[in-house]
Amino acid sequence: MLKFRIPGKSVVERHGHFVTNEGDRNGFVLVDYYGKRKFVFQDVENGNTSFHFNPHKINVISYDDYIIKGEKLVKTLSSLGIQKTVFSRIKSVPFDHSKTEKLFEMLVSTYPNAFVYCLSDEKIGTWMGATPETLLCQHGNHGFTVSLAGTKKTVENRPWTKKEELEQAFVSSFISESLHKLDIQQVEMNGPYSYQAGPVQHLRTDFEFPLSANLLPQLIEQLHPTPAVCGLPRDFSRTLIEQIESHDRLFYTGYLGWKEPNNTQLFVNLRCCQITKGYLHLYLGGGYTKDSDPESEWFETENKARTFLDILEQIG
C-alpha cells in the first residue's frame with residue numbers, strides 16, 4: 001500500500017507492493033541511506049490495502065549516552081579535520097497504530113509544503129514522513145535541488161549562528177561541486193534564506209540548472225547522501241556514522257519519490273517514522289561540527305520530533 005502527496009498536488013493512492021529495483025526501473029522508488037536497499041512500487045489490481053506492523057529491533061539511546069557520544073564526536077571532528085557529520089538517534093513513543101491513517105491525513109493537512117507519504121509492505125513494514133527537503137527534481141530539461149541545513153525553532157527570534165551558517169555553506173558547496181563534476185553549467189543559485197518547516201526553520205539555498213535525461217542517474221548518485229544527512233568529507237563521515245550510531249538508519253535519510261526520465265521528483269527521507277504495534281519510532285538527526293554543543297544538538301532533535309508529536313497530541 002502506498003499513499004503520497006507531492007507539494008501542490010493531490011494525494012495519490014496505489015495498491016500493490018514493493019519489489020527490489022533491479023535495473024533502475026522507473027516509478028515510485030524507495031532507497032535506503034546506504035544506497036543498498038532499493039525498491040520500486042509495483043501496482044497490483046485489487047491489491048492488499050492493510051497495514052503491516054512488522055516487529056523490528058529498535059535501539060533507543062538515552063540522553064546521558066547521547067551526550068557522552070556527542071562529546072567524543074566533537075573531539076574526533078577536531079582531531080581528524082572533518083568538516084561536518086550527522087549524528088542521529090531514534091525516539092520511541094507509544095502510539096495507537098489503529099490511528100495510522102488518521103496520522104497521515106493530519107500530516108497532509110498540517111504540512112502543505114512538505115512531501116508527505118505513508119507506505120506499508122510485508123517486507124518493509126510501515127513508514128510515514130513529511131519531509132521538507134528535495135533531493136532532485138527534473139521537468140523536461142530543467143533540474144532543481146536545494147541545500148537545506150541549520151535548524152532553529154520557528155518561534156525563535158534570533159539571528160542564525162556562525163555554526164548554523166557554516167553547516168549550510170558546507171551543503172551548498174557540495175552541491176555546486178557535484179554539478180561541476182558532471183559539467184553542468186548555467187547554475188542559478190538563490191539563497192541562503194530562512195525556510196519554515198513546521199515547528200522548525202532551516203537555512204535554504206535553491207539551485208536551478210539545465211539537466212538532460214542521461215545525466216539524471218549520475219546526478220542522483222553524486223548527491224546521495226548529501227552532507228545535510230551524512231557529512232563532509234562524505235566517505236570519512238559515513239565511516240564515522242557507522243562507528244558511533246548504534247541503530248540501522250534503514251530508510252531514514254535515504255530518498256523516495258517519483259522517478260522517470262523527464263518527470264522526476266525525489267525527496268530526502270527526513271521527519272519520518274517507522275510504526276510498529278503500539279509504537280511510533282521517530283528518526284532524528286543533527287549536524288555536528290567541531291563547534292557543536294551535544295546538549296544543544298539533543299534539543300534540536302527534540303524540536304524536530306515536534307513534526308509528529310504536535311499531531312499526536314491532537315489525535316490523542
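Strand E1 (residues 2-5) pairs with strand E7 in the antiparallel sense, over 4 bridges. Within this pairing, Phe-4 has Tyr-117 of E7 as its bridge partner. The model in which these pairings are found is a predicted one.

E7 also pairs with strand E8 (residues 125-131), again in the antiparallel sense, here over 7 bridges. The two strands E7 and E8 form a hairpin, with 3 residues between them. Two of the facing positions can be picked out in the structure: Leu-119 stands opposite Trp-127 in E8, and Ser-120 stands opposite Thr-126 in E8.

How many of the 7 residues of E7 are buried? The count is 7 of the 7 for this strand, which covers residues 115-121, so E7 is largely enclosed by the rest of the structure. Buried here means under 20% relative accessible area. In a regular strand, side chains alternate between the two faces of the sheet. In E7, Phe-115, Tyr-117, Leu-119 and Asp-121 point one way, while Val-116, Cys-118 and Ser-120 point the other way. The residues of both sets are buried, Asp-121 and Ser-120 among them.

The strands described so far belong to an open sheet of 8 strands, in the order E2-E1-E7-E8-E16-E17-E6-E13, with antiparallel pairing. Strand E2 (12-14) and strand E13 (231-232) stand at the edges; each has a single partner strand, so one side of each is left without a neighbour in the sheet.

Two helices pack on this sheet. Helix H3 touches strand E6 (84-94), E13 and strand E17 (279-288), and the direction of H3 makes about 110° with that of E6. Helix H5 (residues 234-244) touches E6 and E13; its direction makes about 35° with that of E6.

Helix H3 (residues 162-181) and helix H4 (residues 216-223) pack at an angle of about 145°, and their axes are 10 Å apart. The crossing of H3 and H4 is right-handed. On the H3 side the contact is made by Phe-174, Ile-175, Ser-178, Leu-179 and Lys-181; on the H4 side it is made by Leu-219, Gln-222 and Leu-223. By class, the residues of this contact are 5 nonpolar, 2 polar and 1 charged.

Methods:
Residues numbered from 1 in each chain as written. Predicted model: local features only at pLDDT ≥ 70, side-chain atom pairs only at ≥ 80, totals over all residues. Heavy atoms only, no water. Axes fitted to C-alpha atoms, helices over the stretch in contact; angles between N-to-C directions. Left-handed = near helix turned anticlockwise from the far one by under 90°. Contact = heavy atoms within 4.5 Å. Nonpolar A, V, L, I, M, F, W, Y, C, P; charged D, E, K, R; others polar. Buried < 20%, exposed > 50% of the residue type's maximum accessible area, 1.4 Å probe, protein only. Pairing = 2+ DSSP bridges.
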